[in-house]
Amino acid sequence: MSVADTHRVIEAVWRIESARLIAGLARIVRDVGVAEELAQDALVTALERWPETGVPDNPGAWLMATAKHRAIDHFRRNKLLERKHEELGRELKSQQESAVANFDNANLDNEIEDDLLRLVFVSCHPVLPTEGRVSLTLRLLGGLTTQEIARAFLVPEPTVAQRIVRAKRTLTEARVPFEVPRGPDLGARLSSVLEVIYLIFNEGYSATAGEDWMRPALCEDALRLGRILSGLVPKVAEVHGLLALMEIQASRIHARTGPKGEPILLLDQDRTRWDHMLIRHGLAALQRAEELGGGLGPYALQAAIAACHARARTAAETDWERIAALYDALAQLMPSPIVELNRAVAVAMAFGPAAGLEIIDAIASEPSLKAYHFLPSVRGDFLFKLGRLAEAQAEFQRAASLTQNAREREFLLGRAQACDN
C-alpha cells in the first residue's frame, strides 16, 4: 500500500474512530480539550508509523493504546494527579497486550457507548453559545477538521478555531462534569443536543448563504449523529422523531436541484429521484417514536408531516388536510411565527390560497419575521395564485432582497419576472 493510500485509510479510520477515542479519553482525563489533544497526538503517530508498519488489524484499539501512553506522559510531565497516573499505568499494563481482543467485546462496547453519550451531552452543553455547540459537536463527534467546518458554514477558519477553543475553555472553567445528566436535567439537556443536530442538518438542507442551495455533506454529518444518538438513547421518542424527520427530508436531496443547481420546489420534484431506502428508514424511525407513546413531540410531528409527502406517489395525491391538521397540533405544542407560516402553506393547499393568505397577514407584523425571506416568498405565491400579480411581484422581489443565498435569489427573481407574463 502506497503512502498516499495509507493516509487515505488513516483519514477514514479517524472519521470512524475519533469520536469514540475522544470520548474514552475524556472519561479518563476529565477534560475534553486534553482528550482531543491526546487523540490528535495518536493520529500524528499513526501518520508517522502506519506507512512503514502497515495499518493494524484493529486501528481503533491501536489509537486508544497510543493515546493512553500519551495520557500517562501528560500526567507525569505535569506532575499532576499522581493517583490517576498510577491508575492509568495499571489499566494500560493490564490492557495493552489484549487491546485488540478487548476492544471488540460486549462490555467494552457498552462502555464506549456510555462514553459517547457523555461526549454528546458535553459538546452540546447549554453553557456554550449555539455556534460553539455546533462547531464543537462537528469537531469532536463528526470528526471534521476546522477547515471543513469553516467551509461548510462559510466563515473564516480562524473564527471556527476560536469558537472551538473558547468552547473547550468554557467547559473547563465551568467544570462541566463528563457525565450523562439525570432526573429533571435530562430533558432540557437532550433538547439542546437535538437542537444542535437539527441546526447542522438544516444548514446543509437549506444553506443560509453562499452559492449553493444545499450542502449535502452537512446533512450526512447530522444524519450520522442522529443515528448514533438513536442507538445511545433508544427509549426517547423525540430522538427517533428527529431521526425520522432528517431521514425523510434527506431522501429528497437529489431531486431538490436542477442541472444548474437551481432549486426545485417540493411539488415540482421528480419523485422517482427520491431515495426510497432513506424514506423506509425514516418511516421506521417514526413508527418507533409512535410506539414509545406519550404523544408526538415537535420533531416527531414534523416527521409525520414529512411522511405524508413521502407516502404520496404524486404531488396530487398529497393529503393536505392531514398535513394541515398536523400543523394545527404542532402550533398548539410549539407556537411560533415560523410554525404559523408553514401552517399557512398547508391550509392554502388544503382549502385555497385565500385561507392561507389570511393566516399570513395575521403574522406579517411579527418582528422575528421582519427579515425572514420565506414570509414574502410564501405571501407572493398566494397572491400569484389569486391573480394579484403586481402585489405578488413586489413580494417576490422583497424576498429576493432578503435572502443571502445566491441560488434562492435567482429563483425568486425568476418568479417575480413571471408575474409580467
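1. The model is a predicted one, in which local features need pLDDT of at least 70, side-chain atom pairs count only at pLDDT 80 or more, and totals for chains, interfaces and linings use all residues. Residues are numbered from 1 along each chain as its sequence is written, and side-chain values use heavy atoms, with hydrogens and water left out.

2. In helix 13, the buried residues (under 20% relative accessible area) are L278, I279, G282, A285, L286 and A289. They cover an arc of only 125° around the axis (taken from the directions from the helix axis to the C-beta atoms), which puts them on the same side of helix 13. An α-helix has 3.6 residues a turn, so residues three or four places apart point the same way.

3. Among the elements covering these buried residues are helix 11 (216–232), helix 12 (237–250) and helix 14 (298–311).

4. After helix 13 comes G293, with a positive phi near 75°.

5. Helix 19 (residues 389–402) buries A392, Q393, E395, F396, A399 and A400. They cover an arc of only 165° around the axis, which puts them on the same side of helix 19. The face turned away from that buried side carries the exposed residues A390 and S401.

6. Cover for the buried residues of helix 19 includes helix 18 (374–385) and helix 20 (406–418).

Conventions:
Helices (H or I, at least four residues) and strands (E, at least two) are DSSP runs, numbered from the N terminus. The expected span of a helix is 1.5 Å times one less than its number of residues. Buried means under 20% relative accessible area, exposed over 50%, partly exposed in between (1.4 Å probe, protein chains only). Contact means heavy atoms within 4.5 Å.
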